[in-house]
Amino acid sequence: MPMVLFACLSLLVATTLIHYEVLGLMNRHLSRAPVRARARLVIVIFVAFLAHTLEILLYAATLYLLARFGKLGHLGDAGRFSFDVSLYFSAETYTSLGYGDVVPKGDLRLMAGVEALNGLLLIGWSASYTYIAMERFWGESDKKALKT
């Protein structure tokens, strides 16, 4: 259990830093990008999606390593366990989709709960950032339209 707790804390820190840096970079550079407001919002969505994908991959890799080499549990059927199963489970858990067709066993159950909460927080952060970006970019395009 201590190994899983350490992994959970490490992933919380890593995913929060990734999200902070990605959103910060967009905040600093996107307003100066020579593209229309509509394109900026598309960029925000795709970059946020890529950040979430990277965070899901980190969870999946950690789950895989803890199960395969740490022998701290498994996901679903132990005989069919692979990185694909870890990736699927991680995406399902991070987004709180929760089909329940792959169930963690052993100490990995704790990581599933942490990943779900972490995913909800980071998805909420992305939604909040997207709303603020929309307000800002649409406001800029409205001001430009009034000037012409």
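**Entry 1: aromatic rings.** I counted two aromatic pairs, taking rings of Phe, Tyr and Trp (its six-membered ring) as paired if their centres lie within 6.5 Å, with planes under 30 degrees apart as stacked, over 60 as edge-to-face and the rest as tilted. Tyr-64 belongs to helix α2 and Phe-81 to the loop between β1 (73-75) and α3 (83-94), so the pair ties together parts that are 17 residues apart in sequence. I noted Phe-81 as buried, at 9% relative accessibility; buried means under 20% relative accessible area, exposed over 50%, and partly exposed in between (1.4 Å probe, protein chains only).

I then looked up Tyr-64 with Phe-83, an edge-to-face pair at 5.9 Å centre to centre and 80° between the planes. Phe-83 lies in helix α3 and Tyr-64 in helix α2, so this pair ties together parts that are 19 residues apart in sequence. Phe-83 is partly exposed, with a relative accessible area of 31%. I recorded Tyr-64, Phe-81 and Phe-83 as one aromatic cluster.

**Entry 2: basis of the values.** The model is predicted, so I note that local features need pLDDT of at least 70 and side-chain atom pairs count only at pLDDT 80 or more, while totals for chains, interfaces and linings use all residues. Residues are numbered from 1 along each chain as its sequence is written, and side-chain values use heavy atoms, with hydrogens and water left out.

**Entry 3: α1 against α2.** Helix α1 (residues 2-29) packs on helix α2 (residues 37-68) at an angle of about 165°, with the axes 10 Å apart; axes are lines fitted to C-alpha atoms, for helices over the stretch in contact, and angles run from 0 to 180 degrees between N-to-C directions.

**Entry 4: Ala-133.** I found Ala-133 in helix α4 (residues 108-147). Ala-133 is buried, at a relative accessible area of 2%. Leaving aside neighbours within four places in sequence, Ala-133 is in contact (heavy atoms within 4.5 Å) with Leu-41, Val-44 and Trp-138. Ala-133 and Arg-40 are 93 residues apart in sequence and 8.6 Å apart in space, C-alpha to C-alpha.

How values were computed:
Helix = DSSP H or I, 4+ residues; strand = E, 2+ residues; numbered from the N terminus.
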